[in-house]
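Subject: Structure for your review

Dear colleague,

Please find the structure below, together with its sequence. My notes on what was found in it follow.

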Amino acid sequence: MSHTIRDQAKLLARVRRLKGQMEAVERALEASQPCGDILNLVASVRGAVNGLTIELIEDHIRGHVAGNEAQGEREEGAAELIEIVRRYLK
């Protein structure tokens with residue numbers, strides 16, 4: 001079973017919180033709130049996205065790289081993770 005399916009409820013809760021945070025940014029912009037307040041909201045969104053990303057990466061490593069899969073599947077999981085991290089860090 002894929003870790004995203006196993007942890008689906010927890011991951012979806014994180015995504016829904018992110019949506020709420022983005023809506024708060026939108027409301028702040030529409031209300032012409034001070035830029036410092038908006039920047040703090042955006043920093044919160046970034047932190048939440050980073051937290052979600054870290055959780056997914058950790059689960060990927062545990063399930064597809066360090067798990068009980070065959071060597072070829074672990075190598076494929078590692079290669080996939082390397083590409084994802086490269087894209088994320090650009």
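Within α2, the buried residues are Leu11, Leu18, Ala24, Val25 and Ala28, where buried means under 20% relative accessible area, exposed over 50% and partly exposed in between (1.4 Å probe, protein chains only). Ser32 follows α2 and has a positive phi, near 55 degrees.

Please note that this is a predicted model, in which local features need pLDDT of at least 70 and side-chain atom pairs count only at pLDDT 80 or more, while totals for chains, interfaces and linings use all residues. Residues are numbered from 1 along each chain as its sequence is written, and side-chain values use heavy atoms, with hydrogens and water left out.

The protein averages a pLDDT (the predictor's confidence in each residue, from 0 to 100) of 89, and 97% of the residues score at least 70.

As to the overall fold, the protein has 4 helices and 0 strands. Its radius of gyration is 17 Å, well over the 12 Å that the globule rule gives for 90 residues, so the protein is more spread out than a compact globule. That radius is taken over C-alpha atoms, and the rule is 2.2 Å times the number of residues to the power 0.38. The C-alpha trace spans about 55 × 30 × 15 Å along its principal axes. Of the 90 residues, 19% are buried.

Helix α3 has 31 residues, which should span 45 Å at 1.5 Å a residue; the end C-alpha atoms of α3 are 43 Å apart, which agrees. Its buried residues are Ile38, Val45, Leu52, Thr53, Glu55, Asp59 and His60.

Ile61 also lies in α3 (residues 35-65). Because its relative accessibility is 34%, Ile61 counts as partly exposed. Not counting residues up to four places away in sequence, Ile61 touches Ala66, Gly67 and Leu81, a contact being heavy atoms within 4.5 Å.

Yours sincerely

Terms used: Helix = DSSP H or I, 4+ residues; strand = E, 2+ residues; numbered from the N terminus. Expected span 1.5 Å × (residues − 1).
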